[in-house]
There are 2 protein chains.
Amino acid sequence: MPSYTPPTRDMAFVLHEVLRAQEADIPGYDALDAETTAAILEEGGRFASEVFQPLNQVGDREGCRLENGVVRTPTGFRDAFDQLRDGGWTTLDCDEDYGGQGMPHLMGTAMGEIFAASNMALNMYHGLTHGAYSAIRAHGTEAQKRKWLPKMVSCEWTGTMNLTEPHAGTDLGLMRTKAEPQEDGSYRITGTKIFISAGEHDLAENIVHLVLAKIPGGPDGVKGISLFIVPKVLVNDDGSLGARNAVNVGNIEEKMGIHGNATCVMNYDGATGYLLGEEHKGLRAMFTMMNEARLAVGVQGLAQAEAAYQNAVAYTRERLQGRAVTGPENPEGPADPIIVHPDVRRVLMEGKSFIEGARALTFWAAELIDRSERMGDAEAEALVSLLIPVIKGVQTDRGFETAVQAQQLYGGHGYIEEHGMSQFARDARIAMIYEGANGIQALDLVGRKLAADGGRPMMAFFEMVKGFIKENESDDALNAEFLEPLKSASKDLQAAATYFLQSGMKAPNNALAGAYDFMHLFGHVAIGLMWAKMAKAARAALDEGRGDPAFYETKLATGRFYMARRLPETGALRARIESGAEPVMALAAEAF
Amino acid sequence: MPSYTPPTRDMAFVLHEVLRAQEADIPGYDALDAETTAAILEEGGRFASEVFQPLNQVGDREGCRLENGVVRTPTGFRDAFDQLRDGGWTTLDCDEDYGGQGMPHLMGTAMGEIFAASNMALNMYHGLTHGAYSAIRAHGTEAQKRKWLPKMVSCEWTGTMNLTEPHAGTDLGLMRTKAEPQEDGSYRITGTKIFISAGEHDLAENIVHLVLAKIPGGPDGVKGISLFIVPKVLVNDDGSLGARNAVNVGNIEEKMGIHGNATCVMNYDGATGYLLGEEHKGLRAMFTMMNEARLAVGVQGLAQAEAAYQNAVAYTRERLQGRAVTGPENPEGPADPIIVHPDVRRVLMEGKSFIEGARALTFWAAELIDRSERMGDAEAEALVSLLIPVIKGVQTDRGFETAVQAQQLYGGHGYIEEHGMSQFARDARIAMIYEGANGIQALDLVGRKLAADGGRPMMAFFEMVKGFIKENESDDALNAEFLEPLKSASKDLQAAATYFLQSGMKAPNNALAGAYDFMHLFGHVAIGLMWAKMAKAARAALDEGRGDPAFYETKLATGRFYMARRLPETGALRARIESGAEPVMALAAEAF
């Protein structure tokens with residue numbers, strides 16, 4: 001049976017020693033003192049690891065079942081979701097005006113990691129509700145907010161996002177679902193949506209679908225898409241539940257993983273819907289939430305990696321096979337634990353150094369979102385919009401890779417479902433695909449974010465790296481171990497960006513062919529920057545004699561591994577990028 | 001529904017234009033003319049794609065069931081296996097003395113790829129039989145060979161390999177299964193073996209288990225392990241089946257993939273076994289077959305990559321989303337096929353260039369095995385023993401990665417089981433684990449093979465690369481596009497080997513910590529060498545005006561991609577290796 005311990009100590013380090021959240025000038029951050037955040041993360045962590053986590057394998061094994069139009073979630077899910085609701089965990093970072101606790105998004109993100117690591121499929125019912133809540137909060141009328149939000153904040157009603165159709169995934173302009181205006185101001189929604197996570201289930205009395213559809217007569221393509229609120233059960237003016245709406249689950253999909261979450265085909269047969277935001281501006285409205293939604297998926301990659309890594313650590317400490325080449329470390333036993341072997345260590349260090357770097361990057365991005373939302377800080381908004389495709393793409397790719405490598409440490413036992421390692425890999429796999437497949441993240445980064453506002457956000461990032469290096473280069477040890485590798489990696493990133501600028505002008509394919517490598521190159525620099533910051537914080541604590549020195553020494557050693565062993569990959573990524581479109585596009589489509 | 005077309009044209013290119021098999025001085029190779037090999041591969045390919053492949057998803061969905069001690073394979077498996085047997089496909093590269101056709105291992109390997117790509121789980125029943133056949137052929141007495149081999153060649157009886165026990169995987173010295181000598185010269189085998197592929201099933205009337213066990217009183221550890229033939233049903237002197245032996249399936253495992261193959265817990269309760277080879281030399285006997293067995297697993301990685309790649313190509317040609325940035329390529333349609341997008345091309349080119357390079361490497365290794373076995377060529381034996389861990393480790397890692405990336409091109413549809421892309425990834429995953437997990441391959445390479453015979457095989461490989469470059473560097477285009485990158489990559493490999501030699505002497509962990517990276521670095525150089533050879537052959541055909549120029553131009557473009565986009569990774573791998581053990585081993589085991 002796999003286990004999971006919330007990494008609250010590491011989270012506290014990022015919150016208080018790296019980001020120094022409480023000192024930030026963001027409204028609400030003054031409440032983020034070490035005691036408060038520890039109390040929340042530890043209590044939430046206890047709940048997640050005691051209630052959510054034990055149901056993770058149950059959900060995988062049983063999956064969801066569709067019976068006479070009703071979806072049954074796995075054994076125990078309903079009770080656990082009730083407890084989540086009753087404990088107020090769904091309200092944490094929601095608006096106080098609608099029953100939320102008003103905590104910063106940073107805290108929601110930290111708790112989100114813990115819930116996703118405990119039971120990704122179960123947590124998605126809440127996660128999607130939060131996304132729908134944010135869209136209504138941003139674009140709804142006051143009356144819509146009063147009607148829908150309080151029940152969604154509490155998760156008495158859950159939410160969904162309906163974008164994809166069988167022939168329209170990435171290219172939403174091809175969408176066919178239509179919304180016909182009615183005399184009472186509502187719309188009749190007709191069409192089929194697929195891949196609707198949490199589209200139907202037995203965890204809540206109502207489901208609030210946010211549905212993209214076209215109003216007949218509107219502009220072609222993505223400019224004619226509007227967003228609608230389409231509840232499963234209609235809601236009367238007094239807030240009570242009314243008649244069943246004409247929306248039904250057509251099927252649930254057999255998937256590689258996240259079996260505990262129902263992925264539905266949804267049929268809208270003239271269902272009643274309410275316009276959210278302006279006509280024909282639905283895509284923009286839906287994508288206001290994109291940073292938040294994509295960060296949450298990046299967190300899923302990180303979370304599955306953490307859960308898989310923790311179990312791999314435990315297994316490699318217990319599993320006795322072979323002897324350390326440097327002499328027995330368990331001389332009384334029949335063999336040494338496999339953690340003594342350098343190649344096992346390599347895998348664990350890769351996992352640990354990725355996870356902790358990615359966590360710092362994630363928390364920083366969540367802080368930038370708070371800064372943008374709570375202070376209207378446009379620079380923070382621009383910077384986080386640049387970072388989000390990197391976080392989503394890199395953390396889900398590397399998260400899956402980490403889960404696969406953790407599974408590998410179990411040998412044959414990792415391939416057997418009983419041990420749960422296969423599930424971490426299978427569940428992590430979806431995060432590379434949904435909320436914009438990672439290839440799309442790379443395109444968003446290179447085709448849109450890199451050039452946004454004349455390249456200013458990208459330049460701001462480079463300045464930030466340079467500034468941090470300059471500020472700290474007098475510290476010789478930090479400089480040699482952290483700043484020099486960071487400088488070199490950042491130079492590769494800059495060279496790649498320059499290459500795109502120059503050769504992409506001539507032929508855009510030169511930029512597009514290197515987009516994926518650029519995303520990963522950027523990821524290395526961003527995680528490298530985080531490690532340099534964490535190293536600085538760890539050294540400060542050691543210098544000041546604060547806390548447990550072993551924690552900080554471990555932090556430094558983990559960072560050194562990342563800088564020495566992972567950052568050199570930037571050179572190869574740069575070389576790939578600079579080889580341009582020619583090798584990639586040389587073949588005709590028929591030649592494959 | 002996924003499909004599969006045997007890549008016979010590409011196989012012919014490697015056989016006849018790169019390896020020039022028919023001209024090789026290996027006994028039996030004179031029969032490998034283009035017509036004969038094409039007839040075999042095409043007929044076998046038709047059978048595999050028409051009979052094996054349609055059952056691939058059936059096997060995944062149904063899995064094997066254990067009912068009252070009997071394992072039921074999925075619907076259709078039994079009939080397909082009968083057809084395999086009746087068509088004589090199991091006898092292809094077996095010894096004519098025992099009913100085989102006596103073809104080279106090279107042909108068995110090519111057909112093996114096709115069968116593994118069509119239905120990996122079903123093909124394993126035959127593959128394991130072939131492994132057991134080879135062990136008995138190499139170590140059995142003449143009487144044993146007469147008794148067991150003919151029925152195994154025909155697959156009337158299938159075979160298994162029993163190594164692992166719950167507490168003894170990589171470290172076989174911990175094994176507990178015991179073999180007590182009986183008065184009649186047989187042994188009583190008692191113990192439990194796990195992860196026994198094809199351990200019990202309904203495809204054959206008998207199963208010949210090869211079982212590692214310890215004879216009481218023998219030496220400790222791996223030096224006290226002997227190998228036994230333990231049939232499911234005892235065989236009378238006249239060859240007829242006798243009484244049921246005391247061996248039973250205890251359970252079958254729920255696995256991530258290869259559901260159609262029964263992975264069994266086998267209980268031996270005083271079963272009758274017959275010593276194969278010498279007492280206490282069982283491990284050596286089992287490992288005589290290691291090159292063949294590990295090559296076969298490397299082929300599985302390649303095969304799943306090929307099958308997944310083919311389906312991805314078809315999907316990306318059909319799926320319409322978005323427009324080429326260079327202008328619509330399907331202006332009449334609602335959108336362009338996604339194959340127009342550079343990031344989709346990148347994935348396809350990575351798949352294609354890996355697959356074709358790996359196939360050439362695989363076939364070369366099979367030729368070396370033939371050269372070793374049919375001519376007693378010790379240099380060929382040493383070289384292939386060096387290459388095998390690279391082939392097994394790299395081709396299964398990259399094979400899985402290719403399957404995962406092919407799945408990615410399907411977007412959300414790739415995560416749905418219906419399309420079959422998840423299965424390719426899940427099936428491919430096991431090849432990284434069994435027959436020696438890939439970390440063990442890396443250790444075998446660096447700890448054993450690299451230093452074998454004073455490093456002579458490694459030096460021979462370097463000389464071969466150097467010789468090929470020297471011989472061809474007057475060809476300017478070949479030189480710039482293929483030989484220069486190969487030279488640079490080979491230099492990285494040499495530097496890494498030198499680093500191991502020098503720093504590994506001081507501290508073996510310096511070598512062990514870089515073993516995995518070395519395996520992949522070696523893989524790049526070996527595949528790079530294959531691409532240089534294929535480029536040379538393609539250019540020769542173009543110069544001579546032989547055959548379809550489009551085929552050879554495609555070959556060159558695919559090779560150029562590998563050299564320009566993949567080979568630069570060797571620099572990063574070298575940097576990782578040269579960072580030594582310190583970053584990897586810095587933490588105490590308790591610090592993770």
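Student: Which backbone oxygen lies 2.9 Å from a polar atom of the side chain of Lys193(B)?
Tutor: That is the backbone oxygen of Leu212(B). A polar contact is a pair of N or O atoms within 3.5 Å; within protein, one must be able to donate a hydrogen and the other to accept it, and residues adjacent in sequence count only if both atoms are side-chain atoms. One thing to keep in mind: this is a predicted model, where local features need pLDDT of at least 70 and side-chain atom pairs count only at pLDDT 80 or more, while totals for chains, interfaces and linings use all residues. Residues are numbered from 1 along each chain as its sequence is written, chains are lettered from A and ligands numbered from 1 in the order in which they are written, and side-chain values use heavy atoms, with hydrogens and water left out.

Student: Why is Lys193(B) called buried?
Tutor: Buried means under 20% relative accessible area, exposed over 50%, and partly exposed in between (1.4 Å probe, protein chains only). Lys193(B) has a relative accessible area of 0%, so it is buried. Lys193(B) sits in strand 5 (residues 187-197) of chain B; strands (E, at least two residues) and helices (H or I, at least four) are DSSP runs numbered from the N terminus.

Student: Which residues is Lys193(B) in contact with, leaving aside neighbours within four places in sequence?
Tutor: Contact means heavy atoms within 4.5 Å. Among the partners of Lys193(B) are Asn162(B), Glu165(B), Met175(B), Leu212(B), Cys264(B) and Tyr268(B).

Student: What makes Phe551(A) buried?
Tutor: Its relative accessible area is 18%, and the limit is under 20%, so Phe551(A) is buried. Phe551(A) belongs to helix 18 (residues 549-566) of chain A. Not counting residues up to four places away in sequence, Phe551(A) touches Arg9(A), Asp10(A) and Phe13(A).

Student: What makes Glu484(B) and Lys487(B) a salt bridge?
Tutor: The term asks for a side-chain nitrogen of Lys or Arg within 4 Å of a carboxyl oxygen of Asp or Glu. Here the N to O distance is 3.7 Å, so the pair qualifies. Glu484(B) and Lys487(B) are three residues apart in helix 16 (residues 476-506) of chain B, and are therefore separated by about one helical turn.

Student: Why are Glu484(B) and Lys487(B) called partly exposed?
Tutor: Glu484(B) has 37% relative accessibility and Lys487(B) has 35%.

Student: What is the area buried between chain B and chain A?
Tutor: About 7,500 Å², of which carbon and sulfur atoms give 61%. Buried area is the accessible area (1.4 Å probe) that two parts lose on being put together, summed over both. Tyr415(B), Arg565(B) and Phe592(B) supply 13% of the area that chain B buries against chain A, more than any other three residues. In terms of contacts, 90 residues of chain B meet 91 residues of chain A.

Student: How do you know that the copies meet through the same surface?
Tutor: 100% of the interface residues of chain B are also interface residues in chain A, so the surface is the same.

Student: What makes the two copies related as by a two-fold rotation axis?
Tutor: Chain B can be laid on chain A with an RMSD of 0.0 Å by a turn of 180 degrees and a shift of 0.0 Å along the axis. The copies are thus related as by a two-fold rotation axis. The superposition is by least squares on the C-alpha atoms of residues with pLDDT of at least 70 in both copies. In chain B, the C-alpha nearest the axis is that of Ala572(B), 3.1 Å from it.
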